[in-house]
Amino acid sequence: MEPFSVALAPERLWQAINPLTWTQNGGQIGLVNIALGQTARPDIERTVLNDVGSYGRQIGRIGDALEVLIRHFDSKALDAAERDALTILMGQLAEIRKVKARARDAD
């Protein structure tokens, strides 16, 4: 009598791994990838990110500049919803400063 056996997988498992075929044409390279959309000039975008600053840094600087303008802006002519929008933005910018301060303190 022959022994009972069950094959749950092929006898040999293999996968060809060739780094020369790895490209960034839609394939995932890292553990976490973020698709930022299409751009007409990816070379310029890459240079800006490398030489000027990340998206977060750029948005942070825009927020800092907006905060200066808001502080010197006379909001009397705005309606309540518009004033609320500025107040909410100022609150978010204050929260960002707190997060940055905590990160600096932790370092």
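**Exercise 1.** Determine whether glutamate 67 is buried, partly exposed or exposed.

*Solution.* Step 1: the classes are defined by relative accessible area, with buried meaning under 20%, exposed over 50%, and partly exposed in between (1.4 Å probe, protein chains only). Step 2: glutamate 67 has a relative accessibility of 8%. Step 3: glutamate 67 therefore counts as buried. Step 4: this residue is located in helix α2, where helices (H or I, at least four residues) and strands (E, at least two) are DSSP runs numbered from the N terminus. Step 5: when residues up to four places away in sequence are not counted, glutamate 67 touches Met90, Leu93 and Arg97; contact means heavy atoms within 4.5 Å.

The model is predicted: local features need pLDDT of at least 70, side-chain atom pairs count only at pLDDT 80 or more, and totals for chains, interfaces and linings use all residues. Residues are numbered from 1 along each chain as its sequence is written, and side-chain values use heavy atoms, with hydrogens and water left out.

**Exercise 2.** Classify glutamate 45 by its accessibility and list its contacts.

*Solution.* Step 1: glutamate 45 belongs to helix α1. Step 2: its relative accessible area is 25%, so glutamate 45 is partly exposed. Step 3: apart from neighbours within four places in sequence, glutamate 45 is in contact with Thr39 and Tyr55.

**Exercise 3.** Describe helix α3 and the residue that caps its N-terminal end.

*Solution.* Step 1: helix α3 covers residues 80–106, which is 27 residues. Step 2: the expected span of a helix is 1.5 Å times one less than its number of residues. Step 3: from first C-alpha to last, α3 reaches 39 Å, close to the expected 39 Å. Step 4: the N-terminal cap is aspartate 79, with a side-chain oxygen 3.1 Å from the backbone nitrogen of alanine 81.

**Exercise 4.** Locate serine 75 and state its accessibility class.

*Solution.* Step 1: serine 75 lies in the loop between α2 (55–71) and α3. Step 2: with a relative accessible area of 27%, serine 75 is partly exposed. Step 3: the C-alpha atoms of serine 75 and leucine 86 are separated by 9.1 Å, and these residues are 11 residues apart along the chain.

**Exercise 5.** Summarise the protein chain as a whole.

*Solution.* Step 1: the chain has three helices and zero strands. Step 2: the order of elements from the N terminus is α-α-α. Step 3: of the 107 residues, 7% are buried.

Technical notes: Polar contact = N/O pair within 3.5 Å; in protein donor to acceptor, adjacent residues only side chain to side chain.
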